[in-house]
Amino acid sequence: MEIIHFSAECYPVAKVGGLGDVVGALPKYQNKLGHVAKVVMPAYNTKFLFENEFEVVYDGWVRLGYNNLPVRIFREKTNKLGFDLFLVHIAGLLDRDKVYGYDDDTERFIAYQIASLDWIAQWEHKPDVIHCHDHHTGLIPFMVANSHKYSHLSYVPTVLTIHNGQYQGQFGWDKLHYLPAYDLRNSSKLDWASAINPLASAIKCAWRVTTVSQSYLDEISHKANGLESLLAQERGKSVGILNGIDNEVWNPQKDAMLTKGFNNRTVESGKKANKDQLCEIFNLDKSKPLFTFIGRLVGEKGADLLPDIFHNALYQSDGELNILVLGSGDTHVEDRLNDITNHYPGKYNAYIGYNETLSHQIYAGADFLLMPSRVEPCGLNQMYALRYGTIPIVRRIGGLKDTVIDIGDGGFGICHDQTSVWDVGDAIGRAYHLYQDQKRMKEIKKFIMGIDHSWDSAAQQYINLYQM
Ligand code: ADP
Ligand code: GLC
């Protein structure tokens, strides 16, 4: 089967969060199952573009409203990612340093989607499935089914995966002229709440919709930033498929980013070496438990509560624990997290920014990883933590609920019900007590490292879905 994945992110080409990890891994594991999965994404000015070799596979023009822009599509020459990678270059529009966050993101992602379909439409054969990820690619199912110029693609099945329903990419009807011509009687398939809403449109038009965990699918019929009724209505064609993790990239035994590699037999000495190094670099006390947070500092992740949670934990424990944060996002939260360093030197530190290497080192060196998310469609951090022998402390929501079982229920993690300072504080207290029982800690670490969250099963579940 030939599958084309469309996505704004793909690790290691460009990654902002978990979407990048998923699209960097799923196609590789689908290829291992004997299929031909490819990724088509925008060509940003990232390091990957300059450090690898490409060949040109398409030269053309994309029409965006009244403008015609030159398009060039490159293929990475060596197939080093385990799948064919195609980068869509549109000068002045896509060739930026960042993936998102520009005033013209609407235009950027529309142009990318049209240019990609223009290219595929002139292939001699048709792909078996088009798989779109999140709202940046959400107009594709509509265009494939309705645009006159893609009419011969209209029977190609389309799948939408919702990684995060909070972001929908909506824009005004005044920009309708950007889209290729279609029968205007079908306009309702683009509309939601009197705007063009790419995520809503994809939910309406894709042949199948998936979410990245079963619990998230259950939750979004009740809470999905305005799309609840639509998701409830389209529930019949929707399915939850829990993400996997790329065990080749996230392998504590072979991870070159770590101070020392380890497996579940050498977990104690391995984690100690990584923790010692982190404590050295960040001026922390290696004899005390290390609590960490890695992620985007946004409301969804409960990041606004972290400063109060950390103040309380450090104060109440009388300095008997350490906290290390890695993240970036809301500047107010960033400033408050930085400020705590002055109050608890030697017990707390924060790295504000994005640092892939440090994230690996923290998963390896930490004792506990906090995820007090308000919304968590899947969450990969808790799965990386498990694989690296770090005990997750998570809110029971979305994919966190599907992957972490509380120690009180015979499991291996610490779970709490609400994203509140009190609930998270209580969970930290339970973790602190667990840490005092080192025999139990050792058993749990060994156990969690062996939990299988590899892509093998999820990659096959997607294939089964395509076959349907
Ligand atoms: P989301 O996609 O909502 O941000 P996920 O848990 O699915 O959440 O994935 C987050 C991914 O981004 C993980 O690979 C995590 O390690 C990484 N990550 C998040 N913030 C940072 C950061 N500041 N530096 C390095 N990696 C980060
Ligand atoms: C989104 C979600 C996250 C999920 C990731 C990959 O960014 O917020 O929970 O793990 O996508 O699917």
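**View 1. Polar contacts of ligand 1.** In this predicted model, a polar side-chain atom of Asn381 lies 3.0 Å from an oxygen atom of ligand 1, a pair that counts as a polar contact (N or O atoms within 3.5 Å). Taken alone, ligand 1 exposes 570 Å², of which the protein buries 93%, the accessible areas coming from the Shrake-Rupley method with a 1.4 Å probe. Backbone atoms also take part: a polar one of Leu380 is 2.9 Å from an oxygen atom of the ligand, and a polar one of Asn355 is 3.0 Å from a nitrogen atom of ligand 1.

**View 2. The shell around ligand 1.** The ligand is surrounded by 19 residues, each having a heavy atom within 4 Å of it, and the closest are Lys15, Gly18, Asp21, Lys301 and Tyr363. Helix H11 (356–365) is among the elements that supply at least two residues, and H11 gives the most, with three; helices here are DSSP runs (H or I) of at least four residues.

**View 3. Two domains.** The protein is divided into domain 1 (2–244 + 456–467) and domain 2 (267–449), with bounds from an automatic or database domain assignment, and each gives at least three residues to the shell around ligand 1. Across the boundary, 19 residues of domain 1 are in contact (heavy atoms within 4.5 Å) with 16 residues of domain 2.

**Notes.** Residues are numbered from 1 along each chain as its sequence is written, while chains are lettered from A and ligands numbered from 1 in the order written. Local features need pLDDT of at least 70 and side-chain atom pairs count only at pLDDT 80 or more, whereas totals for chains, interfaces and linings use all residues, and side-chain values use heavy atoms, leaving out hydrogens and water.

Methods
A polar contact is a pair of N or O atoms within 3.5 Å; within protein, one must be able to donate a hydrogen and the other to accept it, and residues adjacent in sequence count only if both atoms are side-chain atoms.
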